[in-house]
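Subject: Structure handover

Dear colleague,

Please find the structure below. My notes on it follow.

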Amino acid sequence: MALNNLFADLVDPSQTLSTLCNHLKQETEQLLFFCADHDGNHKASQKFPIASDEAQQLIIDSLDKSSEVTIQHKKRHFAVHAVPDLQCVILATPATIQDTLPPHWLTTVIRLSLRLFLAHKETEDTINRLRIQKKQFDRKSGVLEKKFQDIMAENEQNYRKIQEQQYNYSKTLQAEIKQQTAELRSAKKAAESANIAKSEFLAAMSHEIRTPMNGIIGFTDMLLDSPLNEAQTEFAQTINRSADALLSLINNILDFSKVEAGKLDLECIDFDPEITAQDVCDLIRPKVDNLPIEVLCRIDNNLPANVMGDPGRFRQVLVNLMGNAVKFTKQGEIELAIMVDQETDDHIEIHARVRDTGIGLPENKVEAIFEAFRQADGSTTREYGGTGLGLSICRKIASLMGGHVWAESQTGEGSTFHFTTKLKKSQQQCIKNFNKVSLAGKKVLVVDDNLTNLNILKHILDTAGLEVVATHDSSQVRTAIEKSIAQNKIFDLIILDIQMPAPDGYALAHVIRNEIPTTKRTPLLAYTSSNDRNAQRCNEAGFNAFLTKPTRREILFKTIEKLLGEGQHEIAGGPSKEKLITQYSVREELKQSIRILLAEDNPVNQRLATLILTKAGYKVQVAANGKIAIDTFTAAPDDFDLIFMDVQMPETDGLEATKIIRERGFNNIPIVAMTANAMKGDREICLNAGMNDYISKPIKREIVFEIIEKWLFREMGQ
């Protein structure tokens, strides 16, 4: 308490009263408090029943009688308690007038709460004293340290005297050491230069090899699109697979050499991480076609639709991690999960997890696999292939992207690889929302023996407002359907996995179509990991649609919408005779329904862009300048899904046209700059004018289609 008196002038009385009042409220929730000191400062609980002036007068009148007294005022019991240690007084009353608390109970509760508060305060004072004592001990230690340094300095002086006596003997030795040191430094610089030259040569050589490799792959693809007999097709496919494998190896070597030479640069552009993840799963799925492996994709609901970073490098890390999982997994499942770890006003940290049920790794070998040219075991190079560069490159790329790559694994129990990256938030950022008005309230039965996939699919359908009944036991399907019929809650849709223990999806479809009259016309969706060409068999079994796992959410929802729409039609007109709905037919239908406005004044560019888009199945209308584009769009805004806008045009240029469209309230239509301006900063000028994206000329088909995929197909589920 002496320290408190010493620094009393430095203590804020209002802060003390606030702390005391908060403590009392926490300890006694049924009471209201008014705390005041001798200087007129006071703090009160919310809803304290009397005004502050009245409360202070009541305290003054009560303290004339005793330092601890219970009184009755305005039909309420009040307890007054003076606290000399804090130089303040507490006035307390029950929270409600209906509370009939004994007066002695009221004073006892206040007394005990005060003791606890003062005990805490005394503990803090004790801690402060100990802190001061620690500083004193630190000062003493400093003095001892100074004395020790003085002794060391004295020893140093004595040592130098000995050195001076031995100077003649050591002079020659020092000269030799200096010469050897210079030689070592020269050798080190030469080795570093040779290493950089090696990396630069390796990068140049890899680039030179890529040029003919791209020709081989491109013309092989064209060859496969031409009429070939069975043997020729097999030969061409073998060439294609070999070229892809060689190109992948060259890319790894090139990336590694770039990292070693410090020349690996990262882009910072808008991209959709969910689309990237789905693309990776689509790329990986054919590699497990003949294996009993489920490829799963789990997406966090909080994942934004758009972020800013390097999509190519982000995709490369995911492909390497997923490819590594495929290499060491013979059965079970491979799951890619994209989650949001944390986010700030400007950045978002994405955490990708690749989990497999493969052979796993010993704990002492987990870190070694991230070293260049190393694998967990030398024998794996022969059994599984690979250079040992992939994971090393992943870790280096993740580091450049502000994240990290690591693994968790146990032998025989599979592995989980983690990849974190810090990305910028996009100006077009929004959270994906798949709540579908047309789907809300619809009842769906989902059957899948894989619990992980079942949970993922149920979660996705729940976000759309569907009422989902999920089961992993196919033998319980008939019971679930009969129960729904008995409760008059007939399923609007049934989703069946194909590959399940008996009965499998085909057998269940037969039961639903032929043995249960109520579900004879219920839409059936086959949802399977198999990539076999079994669409015909699904059609014959009675399925209305066929999708492979994991499908994009927008494709899944669009397929369900088509099924439920057709289901209503079938009830009136009997079973539909139309062809089976697949993800390809859905995407083709969506593509052919997309309408694009092309604002371009150059006739050659008009023809080229129109040819590219119409050949791909899109509907295109051309506007010869910005003014025509404004008039055409604003006259019928619902007739267009996207605008490709040239920047330099007569009458009204693309930037001004975009600003006018935005000023008229059309903020949802994606506008993409299609311009020859490709200098640094041109992209930012287009975005600041209100455009959503940017394509530089000359126009490349794959980039145009990627932009359409990004801004239109992404929105299909919203």
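What is the mean pLDDT of the protein chain, and what share of its residues reach 70 or more? The mean is 79, and 82% of the residues reach 70 or more, pLDDT being the predictor's confidence in each residue, from 0 to 100.

This is a predicted model, in which local features need pLDDT of at least 70, side-chain atom pairs count only at pLDDT 80 or more, and totals for chains, interfaces and linings use all residues. Residues are numbered from 1 along each chain as its sequence is written, and side-chain values use heavy atoms, with hydrogens and water left out.

Over residues 1-10 the pLDDT stays under 50, and the model gives them six contacts (heavy atoms within 4.5 Å) beyond four places in sequence. Residues 378-385 are also below 50, with eleven contacts beyond near neighbours in sequence. Where pLDDT is low, the predicted coordinates should not be read in detail.

Now the helices (DSSP runs of H or I, at least four residues, numbered from the N terminus). The axes of α7 (residues 273-284) and α8 (residues 311-327) come within 10 Å and cross at roughly 35°; axes are lines fitted to C-alpha atoms over the stretch in contact, with angles from 0 to 180 degrees between N-to-C directions. Among the residues that meet are Val280 and Ile284 in α7, and Leu318 and Met322 in α8.

Thr276 lies in α7. Thr276 counts as buried because its relative accessibility is 9%, the limit being under 20% relative accessible area (1.4 Å probe, protein chains only). Beyond neighbours within four places in sequence, Thr276 touches Phe271, Phe314 and Arg315.

Regards

Definitions and conventions
Helix = DSSP H or I, 4+ residues; strand = E, 2+ residues; numbered from the N terminus. Buried < 20%, exposed > 50% of the residue type's maximum accessible area, 1.4 Å probe, protein only.
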